[in-house]
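The entries below keep the order in which I went through them.

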Amino acid sequence: MARWILVLMLCAGLVAGALAAAASTEGKLGGSPMKSAKKTARGWIPEWAKHVVWYQVFPDRFRNGDPSNDPKVESLKGSWPHDHTSPWEVHPWTSDWYELQPYEKKNGKDIFFNIQRRRYGGDLKGIRDKLDYLQDLGITAIYLNPVFEAPSLHKYDTIRYQHIDPNFGPDPEGDRKLMAAEKIEEPSTWVWTAADKYMLELIREVHRRKMRIIFDGVFNHIGLANPFFQDVVKNQQKSPYKDWFIVKSWDDPGKGTKFDYEGWYGVKELPEWREDEKGIVAGPKKYIFDITRRWMDPNGDGNTEDGIDGWRLDVAFCVKHAFWKDWCTFVRGLNPQAYMTAEIIEDVEANKPYLQGDEFTAVMNYNFAFACSEYFADRKIRIRTSEFDRRLRELREAYYPAVSYVMQNLVDSHDTDRIATRIVNRDRNDIRQWKKYYEHSQARNFTYDTRKPTPQELKSQMLIAIFQMTYVGAPMVYYGDEAGMWGANDPCCRKPMVWDDMSYCDEVYLPDGKKRKVPDKVSFNKDLHDHYKKLIKIRNRHEALQNGDFTTLLSDDAKEVYAFRRSLKGQSLVVVLNNSGKAQKVTIKPGIDGRFVDLLNGGKAFSTGKKHEITVEVPPQWGRILTAEKK
């Protein structure tokens, strides 16, 4: 487990200084008003990506739809912590997260060792079974964490990119027999396994519902069980794939050397593909391009409607730009409307080189998450409202005009603490100091509070959601945030989804093995869910919130009130956010005259008068979403 913590810390902390400063972008816009709705970034921004609400799914932890395909202990072989012989069971979905189960106690290891061995049986059928839930919530795009064959719970240690993990499909043993007969280097021998076919059915069902779906592309490294790497281990310098990896030394008794290779940031479970000045070298590059085509155009007929709609690229900063430029050209050749978003946890200068039109569509907008945390989550070290507005303006102005509209505006993910738990632990660290923050927000740090958030703390999360669903960019919900889930950073942000049709054990145990004085009740939070659902419905019904201009109307530092207008084609909405602990009355000039009704709260209308102003009162830690009535 310690290695996986190190991996993610390095991922976030070592990006700084690793990327060259970007050339300035063309077509920058002033901060307010932001006039970009009708513009595109040289035609490379897919229009659909401006209108979606994303939902991130961690497959093993979302829903166990088919217990008959649950993994067996043998499937763990090759993954950290390299124990597939101790007693093992599929972990009870509704159990207390920090409580060691009877089978786990038999190996004598601590909770963090055992968490890495846990598998909960989440699968593709579970995702498909809950498409109704996602559609009812208002979700229009799904980002799947890695689904390709891999032994770990997170599946960033891929065995084969061309196949969905057998335990996500209906016939694991049959799939493994089919895969064993393939020649991995020859796409003509690749078969469609039962899991692959089920994934294609899932994609078709997603598209039938007018939703989109993207895969996690882990192209910087693979896992120990990858056949190409295994051939190098076995045949050493005689392997035809010896130049595909970064080999530091070979088995050579005469020289007294042993086989050694470069793992991602030293992690041996993740052998890296070799790169030259053009990026990933020819052999693995072709393999990556072949599987890209396979999942984007499954029938090979040029019709991409049966394939995925794009990719999220893991640790994109670790691969040279030249590779991404070639890959991007290839992807857009398959589907000009494909969406590609990169994982880069750094400042805007680090993001710029990737967003020039010849690499990615967007990045996971961690800078948005940072700003939201600094303003809404923190108290004592909270930034001022005017500074929040300035930081948002900096993000909007950083890239080509249309890029801001397709950024994945997340507040948490599988690589962060849950937003609810970040609020519980407010004021403790500067989140922009990511390496330090990542380490601090681990449950291994016993000073980090892993308790259930209070109703008042959840008010902060609800306020964040109001802003997230009304601001510029495509909001992304991490699975379970809408259900009231909480948790420290990886691995504790990856608990099994809390569903309303299940009864969960109380969280009695603390990370250090002690018991809580008062157990935390675990259940589906219907009020929070309904809040997200209402906000997403408002966003989906008003194109001005998806693609409209942005204008700051008020940034009141004293009252901690922030207001802005979103406008498009005669439709205008005014959003007023009260981030203080008491009700605030403010007067705003919306820029248009008439009557405004509150979509979020209902109640009386607000009208402009001779002074072209409206005066509104906003409850503490809450907001109003006002829409101008048509004359």
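Entry 1, ground rules. I am working from a predicted model, in which local features need pLDDT of at least 70 and side-chain atom pairs count only at pLDDT 80 or more, whereas totals for chains, interfaces and linings use all residues. Residues are numbered from 1 along each chain as its sequence is written, and side-chain values use heavy atoms, with hydrogens and water left out. Helices (H or I, at least four residues) and strands (E, at least two) are DSSP runs, numbered from the N terminus.

Entry 2, the parallel sheet. I looked up the strand order and found an open sheet of eight strands, β14-β13-β12-β5-β2-β1-β16-β15, with parallel pairing; two strands count as paired if DSSP finds at least two bridges between them. At its edges I noted β14 (362–363) and β15 (408–409), each of which pairs on one side only. I then took β1 (residues 54–57), where W54 and Q56 point one way and Y55 and V57 the other, and all of them are buried (under 20% relative accessible area, with exposed meaning over 50% and partly exposed in between, for a 1.4 Å probe and protein chains only). To β2 (residues 141–144), β1 is joined in parallel by four bridges, and Q56 stands opposite Y143 there. To β16 (residues 474–478), β1 is paired, again in the parallel sense, over three bridges, with Y55 opposite V477. Elsewhere in this sheet, four bridges link the parallel strands β12 (residues 310–313) and β13 (residues 339–342), and R312 stands opposite T341 of β13.

I counted eight bridges between β20 (residues 561–568) and β21 (residues 571–578), which run antiparallel, and S567 has S572 as its bridge partner in β21. Strand β23 (residues 595–598) has a covered face, F596 and D598, and an uncovered one, R595 and V597.

How do α9 and α10 meet? The axes of α9 (residues 282–296) and α10 (residues 321–334) come within 10 Å and cross at roughly 25°, which makes α9 roughly parallel to α10; angles under 35 degrees count as roughly parallel, over 145 as roughly antiparallel, 65 to 115 as roughly perpendicular and the rest as oblique. The contact (heavy atoms within 4.5 Å) is made by K285, I288, F289, T292, R293 and M296 of α9 and by F323, D326, W327, F330, V331 and L334 of α10.

Notes: Axes fitted to C-alpha atoms, helices over the stretch in contact; angles between N-to-C directions.
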